[in-house]
Amino acid sequence: MELNIGIGSRVAHPAFGKGVVINVRSNAYLITFIDSGYKEIPISDDLEVLDDMVPDTDMVSAWEVEQTLKKILQKWSDVSEVVPLGDKWKNGKMVLHPGNAGLAPKEIPIDQFFNKIVMVRDRLRVMEQRVNSSELSNEEKVNLQQYITRIYGSLTTFNILFKYKEDQFVGEKTS
């Protein structure tokens, strides 16, 4: 039986005994029990309400606020997410040999190069989001989106550096 109880309600659970509701999620109550400590109890579990507190319908948990803030910052800022470099490239270096034999080669740590590639990817994502949320006509949005997709496609060469496939560049898909 689903109950509608709020934070601070005193309850009794058949297996864990008496406790106090310390947080309410859409699918579970977070309860601190006297004898068995902190537990996450599905809302569908059998609970006896000993002393109810009317739930505050406008309450949002700190976790929900944090997740929402992260999504907003990722969408609208130049803040880069942490993207791991593939293990085989860690502590590696890239060596560029000039065509002129009289010039010295240039060595670049792969992690520095990779960080620049990730920054380019993140800035492309921000540009893509800004194009999509702009007041441009749909035709102009599609046109700009096609250019962005081609840029992603040009950068797929660097996908070997990414540890996880979901972080890689994806260009136009051919069917």
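A residue is called buried when its relative accessible area is under 20%, exposed when over 50%, and partly exposed in between (1.4 Å probe, protein chains only). The model is predicted, so local features need pLDDT of at least 70 and side-chain atom pairs count only at pLDDT 80 or more, while totals for chains, interfaces and linings use all residues. Residues are numbered from 1 along each chain as its sequence is written, and side-chain values use heavy atoms, without hydrogens and water.

**Helix H3**
- Helices (H or I, at least four residues) and strands (E, at least two) are DSSP runs, numbered from the N terminus.
- H3 covers residues 138-154, and its 17 residues reach 24 Å from first C-alpha to last.
- Lys141, Gln145, Ile148, Thr149 and Tyr152 are the buried residues of H3.
- They lie on the same side of H3, because they cover an arc of only 105° around the axis (the arc of the directions from the helix axis to the C-beta atoms).
- Glu139 and Ser154 are exposed on the other side of H3.
- Helix H2 (110-132) is included in what covers the buried residues of H3.

**Isoleucine 117**
- Isoleucine 117 belongs to helix H2 and is buried, because its relative accessibility is 8%.
- Leaving aside neighbours within four places in sequence, isoleucine 117 is in contact (heavy atoms within 4.5 Å) with Phe158, Phe162 and Phe169.

**Methionine 94**
- Methionine 94 lies in strand S6 (residues 93-96) and is partly exposed, with a relative accessible area of 23%.
- Not counting residues up to four places away in sequence, methionine 94 touches Lys106, Glu107, Ile108, Ile110 and Phe113.

Notes: The expected span of a helix is 1.5 Å times one less than its number of residues.
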